[in-house]
Amino acid sequence: MEVHEQITSGSYCTHPGKKMWPSDSQELDSKELSAGSQFVGLMAVLTACFSSGFAGVYFEKILKETKQSVWIRNIQLGFFGSIFGLMGVYIYDGELVSKNGFFQGYNRLTWIVVILQVKHLKSYI
């Protein structure tokens, strides 16, 4: 009787011993999730663009107001950025990094990008 009530109410499609959602609700849920994910992604990109722009303007303001060179300011920025970045890695992925190493998940494309960045950096030195 319980299985029959669930089928007629439309909340579950059942097979012996299994309960499954109807395919219509699965499609609806995935469409809603996709639209929400796209909105969150768009907001993340816009936030990154605005914060990057403000950081650039602020950095230029600091450079014009102080007597230290661009190199010193870049070293300071890189030092503190590395500290905060490594703290984030430790907090979110510390266990995986200790098991599999820092470069876990790097594939061929990742290494190509790293090498290109190093070559680009060498052109400035």
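**Figure 1. Salt bridge between glutamate 65 and lysine 61 in helix α2.** Lysine 61 has a relative accessible area of 42% and is therefore partly exposed in this predicted model. The side chain of lysine 61 forms a salt bridge with glutamate 65, and the closest N and O atoms are 3.3 Å apart. The two partners, glutamate 65 and lysine 61, are 4 residues apart in helix α2, so about one helical turn separates them. Glutamate 65 counts as exposed, because its relative accessibility is 55%. Side chains of opposite charge can pair when their charged atoms come close.

**Figure 2. Salt bridge between lysine 64 and glutamate 60 in helix α2**. The closest N and O atoms of lysine 64 and glutamate 60 are 3.1 Å apart. Both residues belong to helix α2 and are 4 residues apart, about one turn of the helix. Lysine 64 is exposed, at a relative accessible area of 65%, whereas glutamate 60 is partly exposed, at 44% relative accessibility. The structure holds 3 salt bridges.

**Figure 3. Isoleucine 62 in helix α2**. Helix α2 comprises residues 23–65, and isoleucine 62 lies within it. The relative accessible area of isoleucine 62 is 18%; this residue is buried because the value falls under 20%. Of the 125 residues of the chain, 5% count as buried. The C-alpha atom of isoleucine 62 is separated by 9.0 Å from that of arginine 73, which is 11 residues away along the chain.

**Figure 4. The bend in helix α3**. Helix α3 runs over residues 70–100, and its end C-alpha atoms span only 37 Å. A straight helix of 31 residues would span 45 Å at 1.5 Å a residue. At aspartate 93, α3 bends by about 90 degrees. Just after α3 comes glycine 101, with a positive phi of about 95 degrees.

**Figure 5. Salt bridge between lysine 99 and glutamate 95 in helix α3**. Lysine 99 and glutamate 95 have their closest N and O atoms 3.5 Å apart. These residues are separated by about one helical turn, because they are 4 residues apart in helix α3. Both lysine 99 and glutamate 95 are exposed.

**Figure 6. A nonpolar surface patch that includes isoleucine 83**. The patch has an area of about 1000 Å² and is made by Phe79, Phe80, Ile83, Phe84, Met87, Tyr90, Ile91 and Tyr92. Isoleucine 83 is placed in helix α3 and counts as partly exposed, at 32% relative accessibility. The chain as a whole exposes about 11300 Å², of which carbon and sulfur atoms supply 67%.

**Figure 7. An aromatic cluster of Phe102, Phe103, Tyr106 and Trp111**. The count of aromatic pairs comes to 5. Phenylalanine 102 is partly exposed, at a relative accessible area of 43%. Phenylalanine 103 is likewise partly exposed, at 49% relative accessibility.

Figure 8. The chain contains 4 helices and 2 strands.

Conventions:
Residues are numbered from 1 along each chain as its sequence is written. This is a predicted model: local features need pLDDT of at least 70, side-chain atom pairs count only at pLDDT 80 or more; totals for chains, interfaces and linings use all residues. Side-chain values use heavy atoms; hydrogens and water are left out. The expected span of a helix is 1.5 Å times one less than its number of residues. The bend at a residue is the angle between axes fitted to the seven residues ending there and the seven starting there. Patches are made of residues with over 30% relative accessible area and no salt bridge: like charges are joined within 9 Å, nonpolar side chains (Val, Leu, Ile, Met, Phe, Trp, Tyr) within 5 Å. Accessible areas come from the Shrake-Rupley method with a 1.4 Å probe; for residues, only the protein chains shown count as cover. A salt bridge is a side-chain nitrogen of Lys or Arg within 4 Å of a carboxyl oxygen of Asp or Glu. Buried means under 20% relative accessible area, exposed over 50%, partly exposed in between (1.4 Å probe, protein chains only). Rings of Phe, Tyr and Trp (its six-membered ring) pair if their centres lie within 6.5 Å; planes under 30 degrees apart count as stacked, over 60 as edge-to-face and the rest as tilted.
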